[in-house]
Amino acid sequence: MVAKLLCEMKVCSVACVLLTVVVLSGAVQRAMAYHGQKEITFNWIRDVRDESKNQTAVLLQRDGYEPIRRQVRTEDGYLLTVYRIQPRKSPVGVILFHHGIRQSSDMWMFLGPKRSLAYQLYEAGYDVWFSNSRASPESDGHERLDRDSDHFWDFSFHEIGTLDLPAVVDYILGETGAKTLHFVGYSEAGSAALVMLSELPEYNSKLANVELLAPPAFMNYGQFAWIARMLQPLRALFPWSVYYTRDALPTQICTIFRNECCLLFGQMSDRGAEVTGGTKPGRCFDLEDVSLKQLEHYRQIIASGRFQQFDYGYSVNLHRYNRDPPPDYCLWDVTARVSLHYGNKDRTVDWRGVEQLARKLPKSAELQKTLYKGFEHRDFYRSPKAQTTVYANIVKSIKRHTPA
C-alpha cells in the first residue's frame with residue numbers, strides 16, 4: 001500500500017511538471033485571448049435539457065403524490081424552484097429537503113414510495129418541501145443573466161448558503177405560518193447549511209433541527225486530498241479568471257488526469273447513470289449542472305484542511321476580507337440542533353473529517369453524530385438499507401424536536 005502511494009506521488013510529480021509545460025506553452029495563450037473577450041468565466045458550455053426542468057414533479061406524480069411547484073427569488077436575482085407535497089390535513093411540522101452538488105430535488109425520490117425518507121415523513125403528517133439551488137436544472141435561471149453566461153455561474157456553496165437557503169427558508173415560513181422548520185440536507189447541502197448558520201446566525205432559531213447526511217466541511221482525509229494538493233502550485237500561478245477560462249486549465253487537467261476527473265465527477269452525480277449503465281463514454285467529466293467555482297472551493301478546503309471562505313488570491317482576499325488567507329467559517333455560531341450522519345466507507349467525506357466538524361461545533365449545542373458501518377457517500381439516498389438505519393434515526397430525531 002505504501003509503495004503504491006509513493007509510486008502515485010512520483011507519477012503525480014512528473015505529471016505536474018508535464019502539465020505545467022503544456023499549460024505554459026499553449027493553454028495560457030488561449031486563456032488570455034478568451035479573457036480579452038469575457039471578463040470572467042466559471043463554466044464549460046452546458047447542455048440543460050428541458051425534460052429535467054420538472055423531474056421532481058414527474059416523480060412525485062409517478063409515486064402517487066400531488067406536487068405544488070413554486071418559484072423563490074433570491075436577493076441577487078436567481079429564480080429558485082421549490083416543490084411541496086400537497087398536505088392532506090393540518091401538518092404536525094414543516095420539513096425542507098435540500099440536495100447535493102450536481103443534483104436536484106428529484107434525488108429524494110430515488111428509493112420510491114415507502115422507502116424514501118421524504119415520503120415516510122409525509123405519511124407521518126409533516127408538510128414536506130424540496131428546494132433547488134441556483135445550480136439545479138430544475139430552477140428557473142436568473143431574472144437578468146442567461147444560464148449559459150459566465151456571470152450566472154459565479155458562485156460556490158457559499159452563495160447557496162448565504163442567499164439560496166435563507167430565501168427558501170423565509171419563503172416556506174411565510175407560506176406556512178410556521179415559526180420553525182426541520183432541515184434535511186445531503187452532501188453539499190450540509191456545507192451550505194453550515195455556511196448559513198455561521199454567516200447568518202439568526203437562522204439558527206428558524207430551524208427546529210438540522211439533519212446532515214455526509215456533510216463536507218473538513219475533507220483533507222478523503223480520496224481527493226492528493227489531487228487537491230497537487231493542483232495548489234498550479235492554481236497559484238494564475239489569476240482566478242485565467243485559471244478557469246473555458247478550454248484552458250480545467251480541460252487540460254482533465255485531459256491528462258482523465259481517470260481522476262471521471263472518478264471525482266462521477267461521485268457527484270448519477271444523472272443518466274440508469275440509462276447508460278453508470279457510465280457516459282467520452283463525457284464522464286461534463287459539468288452541465290455545476291459551477292467550476294463550486295469545485296474550486298471544495299478543492300481549496302480539501303487542500304487547506306480548513307472550512308473557510310473562497311480563496312481569490314492575496315490581493316483580492318485583502319480587498320474582500322481585509323486579510324489573507326480567507327477567514328474560516330464561524331462554526332461556533334452554529335447553535336441549532338445538529339445531527340451528523342456519516343459512513344465509515346465514505347471516500348468523499350471521510351468519517352474523520354465529520355468527527356473533526358463535530359469537535360468544532362459549540363459544546364453548548366445539542367449535537368448528535370451517528371456513524372453507519374459499511375455506508376459509502378451515495379448510500380445515504382441510494383441504498384435500501386438506509387431506510388431502516390439512517391432514515392429511522394432521522395424520523396425519530398425530527399419527531400423528538402417537533403414542537404408540541
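**Notes on charged contacts in this model**

1. Let's start with a contact worth a look on your screen: R134 and D76 form a salt bridge, with their closest N and O atoms 2.9 Å apart. R134 sits in the loop between β4 (127-131) and α4 (157-176), while D76 sits in the loop between β1 (67-73) and β2 (79-85), so the pair ties together parts that are 58 residues apart in sequence. Please keep in mind that this is a predicted model.

2. D76 is partly exposed, with a relative accessible area of 25%.

3. Next, have a look at E123 and R88, whose side chains meet in a salt bridge at 3.3 Å, N to O. This pair links distant parts of the chain, 35 residues apart: E123 belongs to helix α3 (residues 117-123), and R88 belongs to the loop between β2 and β3 (94-98). E123 counts as partly exposed at 46% relative accessibility. R88 has a relative accessible area of 60%, so R88 is exposed; the cut-off for exposed is over 50%.

4. Another pair to bring up is D328 with R306, where the side chains meet in a salt bridge of 2.7 Å, N to O. Which parts does this pair tie together? D328 lies in the loop between α13 (314-321) and β7 (338-343), and R306 lies in the loop between α12 (292-304) and α13, so parts that are 22 residues apart in sequence are tied together. D328 is partly exposed, at 35% relative accessible area. R306 also counts as partly exposed, at 25% relative accessibility.

5. There is a network to display as well: K53, R69 and D140 are joined into one by salt bridges that share partners. For the overall tally, a search of the whole structure finds 16 salt bridges.

6. K360 counts as partly exposed because its relative accessibility is 45%, and partly exposed covers the range between the cut-offs for buried (under 20%) and exposed (over 50%).

Conventions: Residues are numbered from 1 along each chain as its sequence is written. This is a predicted model: local features need pLDDT of at least 70, side-chain atom pairs count only at pLDDT 80 or more; totals for chains, interfaces and linings use all residues. Side-chain values use heavy atoms; hydrogens and water are left out. Buried means under 20% relative accessible area, exposed over 50%, partly exposed in between (1.4 Å probe, protein chains only). A salt bridge is a side-chain nitrogen of Lys or Arg within 4 Å of a carboxyl oxygen of Asp or Glu. Helices (H or I, at least four residues) and strands (E, at least two) are DSSP runs, numbered from the N terminus.
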